[in-house]
Amino acid sequence: MRILLLEDDLQLASGLKQSLQSEHYALDHFDQVKSALSATTQEHYDLVILDLGLPDADGFTFLQGFRKHHTSPVLILTARDGIEDKIKGLDLGADDYLAKPFDINELQARIRALLRRSGGRASNVMTYEGVEVDQQARTVMYEGKPVNLARREFNLLEVLLQNEGKVMSRVSLEQTLYSWDDDIESNALEVHIHNLRKKLFSKLISTVRGVGYMVPKV
Ligand code: CA
């Protein structure tokens with residue numbers, strides 16, 4: 001899962017980055033509305049964490065721009081805890097609101113809840129044709145037996161299942177797997193797809209020629 005963090009408090013941002021990466025999210029951090037909005041035209045983000053007070057514009061400006069093209073959940077994280085800001089944020093399309101200072105465990109739980117909801121699920125366990133993925137424990141079972149997946153294989157399976165029935169482009173899958181600061185080997189995605197088909201079952205992931213991959217809708 002790939003998260004965009006828009007936050008101008010660099011110390012907070014670096015703490016969040018560390019703690020979210022340790023939960024295996026890929027995270028891109030921006031401290032200005034303009035650069036963050038521009039990134040969303042090129043990258044797919046599964047979730048946005050949004051500060052309101054930013055140097056070049058306020059977070060509401062980002063939210064309005066983002067909502068014109070994207071439905072991914074947005075969580076507002078801000079020291080402003082006035083009721084007007086909450087209402088305005090939610091009305092502009094934010095999905096949740098957490099006031100600073102906050103507990104990192106609460107933030108993590110809210111992120112999981114938002115991602116579940118956007119994937120249309122009520123629990124942390126995704127199931128698909130005998131495959132069971134526990135997103136919190138990060139374990140996978142196939143036909144009742146545990147399967148060992150490498151970190152990126154797990155992340156790839158998670159995003160494909162989250163988007164069941166939708167074709168995911170190679171570019172967006174690569175972006176999900178790698179942060180901007182990672183090097184991507186050119187055939188890495190194919191290798192991970194091959195491993196998932198081998199470790200689980202071959203028809204789990206369809207190749208959509210010239211576009212990318214998908215988990216077919218069942
Ligand atoms: Ca701020």
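The model is predicted, so local features need pLDDT of at least 70 and side-chain atom pairs count only at pLDDT 80 or more, while totals for chains, interfaces and linings use all residues. Residues are numbered from 1 along each chain as its sequence is written, and side-chain values use heavy atoms, with hydrogens and water left out.

## The largest pocket

Glutamine 162 sits in helix α6. Helices (H or I, at least four residues) and strands (E, at least two) are DSSP runs, numbered from the N terminus. Glutamine 162 counts as buried because its relative accessibility is 9%. Buried means under 20% relative accessible area, exposed over 50%, and partly exposed in between (1.4 Å probe, protein chains only).

Glutamine 162 also belongs to the lining of the largest pocket. A pocket is found on a 1 Å grid over the protein atoms alone: it is an open set of points where a 1.4 Å probe fits, with protein on both sides within 12 Å along at least five of seven lines. Lining residues have an atom within 4 Å of a point.

The largest pocket has a volume of about 490 Å³. That volume is the space filled by probe spheres set on the points, with grid points joined across faces, edges and corners. The lining holds 25 residues. Nearest the centre are Ser118, Gly119, Gln162, Asn163 and Lys166. Elements giving two or more residues to the lining are α5 (104-118), β6 and α6 (151-162). Strand β6 supplies the largest share, 3 residues.

By class, the lining has 8 nonpolar, 11 polar and 6 charged residues. Ala, Val, Leu, Ile, Met, Phe, Trp, Tyr, Cys and Pro count as nonpolar; Asp, Glu, Lys and Arg count as charged; the others, Gly among them, count as polar.

## Strands and sheets

Strand β6 covers residues 125-128. Met126 and Tyr128 make up its covered face, while Val125 and Thr127 are on the uncovered one. Two strands pair if DSSP finds at least two bridges between them. Strand β6 runs antiparallel to β7 (residues 131-134), joined by 4 bridges. Valine 125 has aspartate 134 as its bridge partner in β7. The two strands form a hairpin with 2 residues between them. Glutamate 129 is in that turn and has a positive phi of about 45°, although it is not a glycine.

Elsewhere, 3 strands form an open antiparallel sheet in the order β10-β12-β11. Its edge strands are β10 (168-169) and β11, each pairing on one side only. Strand β10 is joined to β12 (residues 212-214) by 2 bridges. Methionine 168 has tyrosine 213 as its bridge partner in β12.

## Aromatic pairs

Rings of Phe, Tyr and Trp (its six-membered ring) pair if their centres lie within 6.5 Å; planes under 30 degrees apart count as stacked, over 60 as edge-to-face and the rest as tilted. The count by this rule is 2 aromatic pairs.

| Pair | Centre to centre | Between planes | Class |
|---|---|---|---|
| Phenylalanine 62 and phenylalanine 66 | 5.5 Å | 15° | stacked |
| Tyrosine 142 and phenylalanine 201 | 5.5 Å | 20° | stacked |

Tyrosine 142 lies in strand β8 (residues 139-142) and phenylalanine 201 in the loop between α8 (188-199) and β11 (206-208), so the pair ties together parts that are 59 residues apart in sequence. Both tyrosine 142 and phenylalanine 201 are buried.

Phenylalanine 62 and phenylalanine 66 share helix α3 (residues 59-67), 4 residues apart, about one turn of the helix. Phenylalanine 62 counts as buried because its relative accessibility is 0%. Phenylalanine 66 is buried too, at 2%.

## Loops

Histidine 24 lies in the loop between α1 (10-22) and β2 (26-30). Its phi is near 75°, a positive value in a residue other than glycine. At 26% relative accessibility, histidine 24 counts as partly exposed.

A cis peptide bond joins lysine 100 and proline 101, with omega about -5°. Proline 101 is in the loop between β5 (96-99) and α5.

Asparagine 187 lies in the loop between α7 (170-177) and α8. With a relative accessible area of 43%, asparagine 187 is partly exposed. Its C-alpha atom is separated by 27 Å from that of aspartate 134, 53 residues apart along the chain.
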